[in-house]
Amino acid sequence: MTVLITPQRVKQEVSRLPAFPLVINELLHVLDDDTSSMMVLAQHVERDPVLTGRILSAANRLLRAEGWQEVRDVYTAASLIGFSRIREIVLTTCIANLNGNFASQHFHWGHCLAAGVAAQELALRAKGNQNGALVAGLLHDIGQLWLAYFYPLEFQQVRLQVEVHDMEICEAERVMFGMDHSEIGGIVAEYWQLPKDITNAIVNHHDPDDKAARNPTVAAVHLAEAIIQALDLPYRDLNYVFRVSSAACRTLGVHWGEESFALLGVIDARYQYALSVFP
């Protein structure tokens, strides 16, 4: 049984998705404000016990590796690991909270985390926007979360169609819903007022045309998706790579062959480390 979904329906229902926690929105604003102080940042962090624990943990991992005494206050911990690392912790915590509301959350969280890590690494090597690539990678499948939240039975039928008939996920979704998760994700991203580059990356992460693929964030998320599927990060029987945009490869200066082995190894290692920090 098909359930036709319209853009208007997505807009009407998106407000019922679990929202970004207020404290995380405030933290991201502070992190993007060059005039903010570490003290202000620490005060925001202390309002969220999960963030407090993860930032203290990240700082103390660093200190233990150097043989130094551990710290117990957020200000010192934040000063040690820096704004960039805190931004990663804030964003991954936010996406993990969203995933906690859905079935198959373990795989989906691992997939989003892998895509975020891979996209950030690709952006780093191309001297692009690492933070934007991280966010876009973490959120690239937000449309699937929308489908799983509002149409859980139909969404499971789509997954079955993909497995039994070897269909592409977007094709199976369009048959069932009239829209695929990339389109739905773009509407959700616009509702959340995410930056245009991130929204475009969500919309185009499966099959960007040459124009879209010239955007480094779009290219990074598209290639990240392909790489983590090829590396089985995380493992499942349905992992596959249908296509890789040559335009995206040119945008990021990625050349496949022996020279790409180091890149794949770094992405794998970073993902495994991220899993240990954000289980």
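Me: Why is A123 called buried?
Reply: Happy to start there. Buried means a relative accessible area under 20%, exposed means over 50%, and partly exposed is in between (1.4 Å probe, protein chains only). A123 has 4%, so it counts as buried. Two notes on where such values come from. This is a predicted model, in which local features need pLDDT of at least 70, side-chain atom pairs count only at pLDDT 80 or more, and totals for chains, interfaces and linings use all residues. Residues are numbered from 1 along each chain as its sequence is written, and side-chain values use heavy atoms, with hydrogens and water left out.

Me: What makes K127 exposed or buried?
Reply: K127 has a relative accessible area of 77%, and therefore counts as exposed. K127 lies in the loop between α6 and α7, and its phi is near 55°, a positive value in a residue other than glycine.

Me: Which class does D232 belong to?
Reply: D232 is partly exposed because its relative accessible area is 30%. D232 lies in the loop between α14 and α15 and also has a positive phi, about 55°, although it is not a glycine. That loop is the place of P234 too, and a cis peptide bond with omega of about -10° joins L233 and P234.

Me: How do you know that A123 lies in a helix?
Reply: Helices are DSSP runs of H or I with at least four residues, strands are runs of E with at least two, and both are numbered from the N terminus. A123 lies in α6, which covers residues 105-125. By this scheme the protein has 16 helices and zero strands.

Me: What does A123 touch, apart from residues up to four places away in sequence?
Reply: Contact means heavy atoms within 4.5 Å. On that basis A123 touches G128, N129, Q130, A133 and A220. A123 and L223 are 100 residues apart in sequence and 10 Å apart in space, C-alpha to C-alpha.

Me: What makes a void a cavity, and how many of 30 Å³ or more are there?
Reply: On a 1 Å grid over the protein atoms alone, a cavity is a set of points where a 1.4 Å probe fits but cannot get out, while a pocket is an open set with protein on both sides within 12 Å along at least five of seven lines; lining residues have an atom within 4 Å of a point. Grid points are joined across faces, edges and corners, and a volume is the space filled by probe spheres set on the points. One cavity of 30 Å³ or more turns up in the whole structure. The largest cavity has a volume of about 30 Å³, and its lining is A123, G128, N129, A133, P216 and T217.

Me: How is that lining divided by class?
Reply: Ala, Val, Leu, Ile, Met, Phe, Trp, Tyr, Cys and Pro count as nonpolar, Asp, Glu, Lys and Arg as charged, and the others, Gly among them, as polar. The lining of the largest cavity has three nonpolar, three polar and no charged residues.

Me: Why is N129 called a cap of α7?
Reply: A side-chain oxygen of N129 lies 2.9 Å from the backbone nitrogen of G132, at the N-terminal end of α7. The helix itself, residues 130-139, is mostly covered, with eight of its 10 residues buried; among them are G132, A133 and L134.

Me: What lies nearest the centre of the largest pocket?
Reply: D141, Q144, R159, I169 and R236 do, out of 31 lining residues. The pocket has a volume of about 550 Å³, and α9 supplies the largest share of its lining, five residues. By class the lining has 15 nonpolar, 10 polar and six charged residues.

Me: How does the radius of gyration of the protein fit the rule for a compact globule?
Reply: The radius is taken over C-alpha atoms, and the rule is 2.2 Å times the number of residues to the power 0.38. For 279 residues that gives a value near 19 Å, and the protein has 19 Å, so the two agree.

Definitions and conventions. Polar contact = N/O pair within 3.5 Å; in protein donor to acceptor, adjacent residues only side chain to side chain.
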